[in-house]
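Reader: Hi! Could you walk me through this model while I have it open?

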Amino acid sequence: MRLLKQDIIELLESAVATVRGQFEDVSVDWPTPEVTRTKDAAHGDFATNAALQLARPLQRKPREIAEMLVAAMPENTLVSKVEIAGPGFINLFLNEASATQVVSDVLAAGARFGTCEAQVPQRILLEYVSANPTGPLHVGHGRHAAYGATLANLLRAVGHEVHEEYYVNDAGRQMDILAASVFVRALQQLDIHCAFPNAGYRGDYIRTIASDWASAQPLKLTTLVGDIFDALPEDGEDEAKEGYIDALIERCERVLGPDAFATLQRFAKDAILDDIREDLAGFGVRPQLFFSEASLNEDGALDTALDVLRDNNVLYEKGGAWWFRATDYGDEKDRVVVRENGKTTYFASDIAYHLNKRHRGFDCLLDVLGSDHHGYVARVRAGLTAMQQPADSLEVRLVQFVTLYRGGEKMQMGTRSGNFVSLRELRAEVGNDAARFFYIMRSNDQHLDFDLELATSQTSDNPVYYIQYAHARVASVFRQLNAQSIAWDRASGEAHITMLSESHEQALITRLGGYTDTLASAAGRRAPQTLVNYLRELANDLHSYYNAHKFIIEDSALRDARLTLIRATQQVLANGLSILGVSAPDTM
C-alpha cells in the first residue's frame with residue numbers, strides 16, 4: 001500500500017529539483033525533504049522544513065527559499081492549499097477528497113491496511129529472548145518476547161523479510177551446573193543424604209526433571225554414589241560456592257561417565273526447552289528456529305570462524321590461550337577465543353553464530369538483548385569486521401529490566417535461587433493481551449514497572465482495556481443496527497463521507513490518515529510504543545465521537561457515512577492490535 005506521505009514527499013522533491021536548476025553554480029548537498037504530519041489542523045495536514053534545510057547552504061533567507069519551493073510545486077490532485085509559516089515552514093493542506101479517501105482505503109484493504117513495500121527491503125534475522133535453557137521463562141524474559149515478536153510484525157508490515165530466531169546457549173558451564181543440580185535432586189529423592197550446592201539451580205522444576213530422569217534410568221543411582229561427596233572443597237558464598245560446584249560437576253561426570261553425564265545434560269535441557277517453547281507459543285511467540293550453540297561446534301561453524309580469523313592474522317597466542325585482536329577494530333580490549341584448556345569462549349561462539357547468520361544470506365542481524373549487554377556491540381562488530389563482514393550489518397536493541405508489583409510489593413526474580421515469577425504465572429494472572437500490551441507500552445530502553453492491579457482492571461485507566469473497548473463499542477453499534485433491522489450501505493457511506501464535518505469526525509479521519517506513517521515510524525525506529533500511543537489516541541477519538549454523537553439516525557446518508565467512519569476506525573484498531581499481538585474483541 002502506498003503512503004500518502006510519500007506522495008507529498010515526491011511533490012516536494014519535484015519542487016526542490018526545479019529550484020535546484022536555479023542554483024547550478026552552487027555546490028550544495030540537496031537533502032530529501034523532511035515531511036511530518038501536523039498536530040494542529042490549523043497548520044494543515046503535512047509540514048516540511050525543507051526551506052530551513054536549504055537556507056544556510058544556499059545563503060538565502062528561509063522564507064525566500066520557501067516561496068521558491070511553493071512556486072515550483074507541480075500541479076496535483078492532492079493538495080488544496082500551501083502556506084508558509086513562521087521562519088519558513090511550509091504547511092500543506094489536503095483537498096477534501098484526498099483527506100477522506102483514507103476511509104475507503106481502510107475498508108478496501110481490510111486487514112492489509114497500513115502495510116506497504118519497503119523502499120529498500122531487507123532480509124532481517126531477528127534474534128530475541130535467547131534465555132539460557134536452565135529454567136522457566138520469568139517475567140523479564142516476557143518483555144523480550146513481547147518486544148521481539150511485535151518488532152517482527154512491524155518489520156513485515158513495512159515490507160521486510162523477517163526470520164525470527166531463539167539462540168539456545170546449550171554449550172557452556174551453566175549446562176554442567178544444570179546437570180549437577182538435577183543429579184543431586186535425584187539422589188535426595190532416593191533419600192540419600194546430601195546437601196544441595198549453593199550455586200545450583202533451586203527451582204521446583206529441577207525436582208520434576210530429577211524425578212523424570214531418575215525413573216528413566218536403567219541403572220540404580222544408589223550404586224553410583226560411592227564417595228561422590230567425599231573430599232570436595234567447602235561450599236559457601238561467592239568464590240567458594242563456584243569452586244564447590246566446579247568440583248561437584250567434575251565428580252558427577254566421573255561417577256556417571258562422560259556419555260551418561262552428557263545424556264543427563266540433554267535430558268534436562270530438552271525438558272526445559274520444551275517448556276520454554278510451550279510457554280512462548282501460549283504467549284503468541286513462535287520463533288522459526290531454535291538455534292543450538294552446541295551445533296556451532298558439531299557442524300564446524302566455530303572452526304570456520306576461527307580459521308577465518310587465523311587466516312586474516314588477527315589471532316595471537318598468550319599464556320596458553322588464543323586471543324583476538326579486538327582493539328584493532330575499536331573494542332576496548334582484546335578477547336580470548338580459546339582458553340588455556342582448549343575450550344572455546346562464549347565470545348568465540350557469538351562471532352561464529354553471527355558469521356553463520358551472514359552465510360545464511362541475511363542483510364541485517366538484529367539482536368534483542370538484555371541491558372547488561374551494552375558492551376556486546378563493539379566486540380561482535382569487531383569480529384564481523386575481522387571476518388570481512390560489514391560491521392553495520394549488526395544492530396542491537398537492549399531491553400531494560402522489568403519490576404513486577406503485586407499489591408504494592410516488589411517481586412524478586414532469580415533463576416538459580418528459584419525465587420522468581422514465571423511468565424506462565426504472569427499470563428495466567430493478567431492474560432496474554434494485557435501482558436503483551438504492558439510489556440511494550442514503554443520504550444525498550446526504559447525500565448518498566450509492571451502494575452498487576454492496573455493490568456487486570458476493567459476501567460479506562462487500563463490502556464489495553466480502553467483500546468479494546470473502543471473496538472467493542474463499534475461492534476455494539478452494528479449489533480443495535482441489526483436489532484433494528486436497518487442495513488448499512490457502505491457504498492452510500494463512502495459516497496457521502498464528505499458530509500462528516502463535525503470536529504470529532506474530522507479528528508478521526510485525520511487520525512486514520514496517520515496510521516501508515518505510524519507503522520513506518522515504529523518499524524524504522526524499532527519502537528512499538530509508537531503504535532501503542534497511536535492506538536490510545538485513536539481509541540480516545542472514537543470514544544469522544546461515540547459520547548458526542550448518535551450513529552443510528554433518521555438521515556440515511558449521514559447515518560451511512562458515520563457508520564462507514566466508525567467501521568474503518570474499528571478496522572484500524574484491529575489491525576494495530578494484531579501487530580501488537582493483542583486480540584480485538586467484539587464484546588467486553
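Predicted model: local features only at pLDDT ≥ 70, side-chain atom pairs only at ≥ 80, totals over all residues.

Reader: Thanks! How many residues has the largest nonpolar core?

Author: The largest nonpolar core has 127 residues, and Leu426, Tyr439 and Phe450 have the most contacts inside it. Such a core is a set of buried Ala, Val, Leu, Ile, Met, Phe, Trp, Tyr and Cys residues joined through side-chain atoms within 4.5 Å. Buried means under 20% relative accessible area, exposed over 50%, and partly exposed in between, with a 1.4 Å probe and protein chains only.

Reader: And which helix gives the largest share of this core?

Author: Helix 23, with 11 residues. Helices are DSSP runs of H or I with at least four residues, strands are runs of E with at least two, and both are numbered from the N terminus.

Reader: What does Leu426 touch?

Author: Leaving out residues up to four places away in sequence, Leu426 touches Val139, Leu404, Gly431, Ala435, Tyr439, Phe450 and Leu452. Contact means heavy atoms within 4.5 Å.

Reader: Back to helix 23: is Asn575 buried or exposed?

Author: Asn575 sits in helix 23 (residues 556-580), and it counts as buried because its relative accessibility is 7%. Its contacts, not counting residues up to four places away in sequence, are Gly110, Ala111, Phe113 and Tyr515.

Reader: New topic: at roughly what angle do helix 16 and helix 18 cross?

Author: Roughly 115°, with the axes of helix 16 (residues 432-440) and helix 18 (residues 463-483) coming within 9 Å. Axes are lines fitted to C-alpha atoms, for helices over the stretch in contact, and angles run from 0 to 180 degrees between N-to-C directions.

Reader: Which residues make the contact?

Author: Helix 16 brings Asp433, Ala434, Phe437 and Phe438, while helix 18 brings Pro463, Val464, Ile467 and Gln468.

Reader: Last one: what is the order of the open sheet of three strands?

Author: The order is 8-9-10, with antiparallel pairing; two strands pair if DSSP finds at least two bridges between them. Three bridges join strand 9 (residues 321-324) to strand 10, and Trp323 stands opposite Val336 in strand 10. Helix 12 (residues 301-311) lies across strand 8, strand 9 and strand 10, at about 95° to strand 8.

Note on methods:
Residues numbered from 1 in each chain as written. Heavy atoms only, no water.
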